[in-house]
Amino acid sequence: MTSRTLLRLAMAGAVVAGSLAALTLPAQAGNAPKTVPVRLLALNDFHGNLEPPTGSSGRMIDENGNTVSAGGAVYVAAHMKALRDANTIEVAQGDLIGASPLISAAYHDEPSVDFLGRIGVQVSAVGNHEFDEGYAELRRIMFGGCHPVDGCSPAGPWKGAKYDYVGANVLFKNPSEKTDAFANLSESPQVKQLLSDWGVPALPPVSIKWMNGVPIGFIGLVTQTTPNIVTADGIKDLKFVDEVKAANVASKILKLFGVKAQVVLVHEGDQVTAGQSPDACSAIPGPGNRIATQVDPEIDIVLSGHSHQAYLCKVKDPAGQDRLYSQGGSFGRVITQVDLQVDTKTRDIVRSSVVADNHIVTRDVTPDPDISDFMKFWTDKVSGVANKPVGKIAADITNVGTATGESPLGDLIADGQLAATKTGGNAQIALMNPGGVRAPLTYAESPAKEGDGVVTYGEAFTVQPFNNLMQAVTLTGAQLKTVLEQQFPGGPNNQPFAKILQPSANLSYTYSRSAAWGSKISAIKIDGVPVTDTQSIRVAANNFLVGGGDAFAGFKDGTDIWSGPLDIDAFVAYLGQNNPIAPPATTRITAVD
């Protein structure tokens, strides 16, 4: 596909009806209202949670300080219906798919995208997880077509998302025919110049929706750290540029066509002070706040995501005016409602009219009947896969790290990855990223009622939902030490906080909490034998790590790359071959002060 075609697709989100030039509105009649109402209903970080999420992922603190059960597609739909009025535009801030439960992930998240279209979502920013299976797969989700490997889902040929995906800071690295790509893009020389100076967008940068006779412009942004947290190969042709700069270019494009009511949907956010009301401004200023306070003053509202927190804040824009900055938790547990007025003469949002509320998606309402039928269809389809027993455990195996950062389940996964990569990959050790261990394995009776200790495929998938490939690369002993140093803040890799890789049983080492970066790691041993700087070691890891994910850039120095089975297949095979399997002792890493 040529870059001209891709650019036209990218700009398609900005073209609502006819050309952008058609956005010019007729003069208002003398008796026209001075302002018109608009309501936004927003979701973020849904992550395919069609079924009510469980454990802490299914609870929220409400406005009264009570912890309540929240989330689930049938309840999201019911609450959306109750909150929706004739002035509503439904939007989202990314990570709607990816890292999803099996009911969605088994079918490449088509069920979740279908659900979101059914409840009326019209536009969403892309999140980093929208790129989990690569840019080509994201385009398939957007525009339709059956999966190139697994074919059509039980629902039939995929028709594409009913909502727009937007991402103004996602550009092509080296687009071919760059000069020609801008031909016939627009009659506006100003827009041509803006885009020519900026680059070729890989996604629609903006989407324009009309409500009560006025256009509302939505600018999509995704965290610029995306290349560090998704598999490198799937986004090798893309670059993720500074969110503020991209938002400002997109804002100028909207303004050139008379769209002054502007909302940023950004998949980046901040952490919070724990235990606060979802309506409190509990956000601790971080990367989300930087964006919310620095984007162009023309932008009226910033709705955020990524950090899975709930907050409602007023921040100052660069002109000193108040601007809403909010987020709505994750997993479909919160819907953010924003009510505002748009001046019909200036077509801009009246900032003083903006009122926001984070609604908990409680489960004390009647489930939406249409979505209940939808859920039954997919639950029935996936049950045969989910309930298949794959192994047995002797006790709970937790993913909670010890004082060293090592967890029993992380160790178990690493052991399974080593077993799966010895033949073919010639792996000698394995390392697992802790963020990829998403849930514990519990000994209590399985959902399939197979008895205590039974692990089903669905439970195993919940632990490892990313469908990463297992790979093996050759590192020197010195390079392995660098990778282990990269577990800690400091150095050139900009690790934000300690991320302790989970080692296979035959790898041991010591780290010092107080030593300077570069001198933290010592006593590395494989099978009890000290590692030298010059020896060659075959290291197994998932392709996310091998591509430098989670700021482990040292993996990219590996040579002789080999690819093997999916990580979930390696895990399931290891569970099946070791029955029942006991929690490993977490003695592979030693920490000293």
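Author: Happy to! Contact will mean heavy atoms within 4.5 Å, while helices (H or I, at least four residues) and strands (E, at least two) are DSSP runs numbered from the N terminus. Bear in mind that this is a predicted model, in which local features need pLDDT of at least 70 and side-chain atom pairs count only at pLDDT 80 or more, whereas totals for chains, interfaces and linings use all residues. Residues are numbered from 1 along each chain as its sequence is written, and side-chain values use heavy atoms, with hydrogens and water left out.

The part to look at is an open sheet of six strands, ordered β8-β9-β11-β12-β14-β13, with mixed pairing; two strands pair if DSSP finds at least two bridges between them. At its edges are β8 (206-211) and β13 (310-316), each of which pairs on one side only. On average, neighbouring strands of this sheet are turned by 20 degrees against each other, direction ignored. Axes here are lines fitted to C-alpha atoms, for helices over the stretch in contact, and angles run from 0 to 180 degrees between N-to-C directions.

Within the sheet, follow β11 (residues 261-267) and β12 (residues 301-304): these strands run parallel and are joined by four bridges. Leu 265 has Leu 303 of β12 as its bridge partner.

α9 (residues 243-256) lies across β8, β9 (214-222) and β11, and runs at about 160 degrees to β9. Helix α10 (residues 287-294) also packs on the sheet, where it touches β9, β11, β12, β13 and β14 (322-328). The direction of α10 makes about 150 degrees with that of β14.

β18 (residues 429-432) pairs with β21 in the antiparallel sense over two bridges, and Leu 431 has Pro 503 of β21 as its bridge partner.

A cis peptide bond, with omega of about -15 degrees, joins Asn 579 and Pro 580. Elsewhere, Asp 95 has a positive phi of about 55 degrees although it is not a glycine; Asp 95 is found in the loop between β4 (88-92) and α3 (102-105). Most residues other than glycine have a negative phi, and most peptide bonds are trans.

Finally, step back to the whole chain, whose secondary structure comes to 16 helices and 27 strands. The radius of gyration, taken over C-alpha atoms, is 25 Å, close to the 25 Å that the globule rule gives for 593 residues, so the chain is as compact as a globular protein of that length. That rule is 2.2 Å times the number of residues to the power 0.38. Along its principal axes, the C-alpha trace spans about 85 × 55 × 45 Å.
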